[in-house]
Amino acid sequence: EIASCLVGSEMCIRDSHPPLLADQSPSMTSAHASDPSTSYSPDRITWIRLSSCYLPLATPISDAKVLTGRQKPMTEIAMLFAEIETRDGHRGLGLSYSKRAGGPGQFAHAQEVAPALIGEDPNDISRLWTKLTWAGASVGRSGMAVQAIGAFDVALYDLKARRAGLPLSKLLGAQRESVQCYNTSGGFLHTPLEQLLVNAAASRERGIGGIKLKVGQPDHALDIRRVEAVRKHLGDEVPIMIDANQQWDRPTAQRMCRVFERFNLVWIEEPLDAYDYEGHAALAAHFDTPIATGEMLTSAAEHGELIRHRAADYLMPDAPRVGGITPFLKIAAQAEQAGLSLGPHFAMELHVHLAAAYATEPWVEHFDWLEPLFNERLEIANGRMLVPTRPGLGLSLSEQARAWTRETVEIGQRA
């Protein structure tokens, strides 16, 4: 079985069971775990390393927000990595991210609150999430503040799963060994139509199940032409989604949703502003094509409002964006109770595990952008992404990630 470990200051992969303490043998560890009379002895967090890494994109990325003049093309992704070690030698890797702006702020906030974790029991993940939010309470419990906390939260879950010798999905209670996946990175608006068709066919040949296309251009006829061409190129049975990236107003969304009904889409994503719960609810109630939204929301409370308004058929929470796995699980529980489908946004390396634990069949978004940051690759076959079987997230940082790192800070001392 393959497990992740830290050697010195670098990550590596080795064939191993979860690491043992120097005075333990495998039989002693097994006996300890199975003996109900043995008292729990808490471990303690002793060391944290935060890294601010900037991933360059090969091509500037444009969606509808660029074409409407609200944003500039995206050229890089700011990654925040948290590496946590304990007194007993257990380790975890967590991540968060931001696009276009926010990276330095996330790193600064994480650096400020990180000392609150030193000396704490890494098992108490929910309590530690709350402790970190109180450490930065003056800047709120959503947005950048919790996105910084998300890297610690993911690292603590990774640590717990590694220590148990389980993939994160199994620690959470997996429902399946693979999840449906769809590709987004080949369908952006900067891509000419001819290349769009090539990208869509190439994704299908790789084994990816669905194709998502960006829409929301000022010229609505161009959107229709692109979707029509891809549907004709791929055939009627291939799952296709579209994403307007919040660029329609209510009248336009009504008209465009009506036009796109004939293409038998899996969903229409973010037709309206992310916080227009009532508008999304009206669309979801009126049209046969499911409405998907939620990726831009930054807390469990905001997702709770979305669910309360019945504003989506597919909920799209982003674990790093809402503050980590702890709030994501709260969102997923609410979504399940409301009978909603799940389609987590971005960060497939993390969301493949979380989606595998959702009650009903989800979709996971395939983006290959983050692949250079890790030594491992996700496997895809027959329209599905296979859930990694390595302990924890099953990830280790690559040498390229280290090379792209602009700033690091260490808190505490290594055991």
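Which residues does proline 320 touch, not counting residues up to four places away in sequence?

## Proline 320 and its surroundings

Leaving out anything up to four places away in sequence, proline 320 touches Leu95, Ser96, Tyr97, Gln147, Leu350 and His351. Keep in mind that this is a predicted model.

The proline sits in helix α12, which covers residues 319-322. Is proline 320 buried or exposed? It counts as buried because its relative accessibility is 1%, and the cut-off for buried is under 20%. As for isoleucine 118, that residue is 202 residues from proline 320 in sequence, and the two C-alpha atoms lie 22 Å apart in space.

## The nonpolar cores

Now for the largest nonpolar core, which has 73 residues. Within this core, the residues touching the most other members are Leu50, Phe152 and Trp369. Helix α5 (residues 144-164) is the top contributor here, giving 10 residues. There's also a second, separate core, made up of 27 residues, with Leu196, Ala200, Leu283 and Ile291 among them.

Back to leucine 50: what does it touch? Again skipping residues up to four places away in sequence, its contacts include Phe152, along with Leu80, Phe81, Ala82 and Phe107. Further along the chain, leucine 50 also touches Glu407, Thr408, Val409 and Ile411.

## Cysteines

How many disulfides are there? The count comes to zero, going by a cut-off of 2.5 Å between cysteine sulfur atoms.

Cysteine 53 counts as buried because its relative accessibility is 0%. Cysteine 181 is buried too, with a relative accessible area of 0%.

Methods: Residues are numbered from 1 along each chain as its sequence is written. This is a predicted model: local features need pLDDT of at least 70, side-chain atom pairs count only at pLDDT 80 or more; totals for chains, interfaces and linings use all residues. Side-chain values use heavy atoms; hydrogens and water are left out. Helices (H or I, at least four residues) and strands (E, at least two) are DSSP runs, numbered from the N terminus. Buried means under 20% relative accessible area, exposed over 50%, partly exposed in between (1.4 Å probe, protein chains only). Contact means heavy atoms within 4.5 Å. A nonpolar core is a set of buried Ala, Val, Leu, Ile, Met, Phe, Trp, Tyr and Cys residues joined through side-chain atoms within 4.5 Å.
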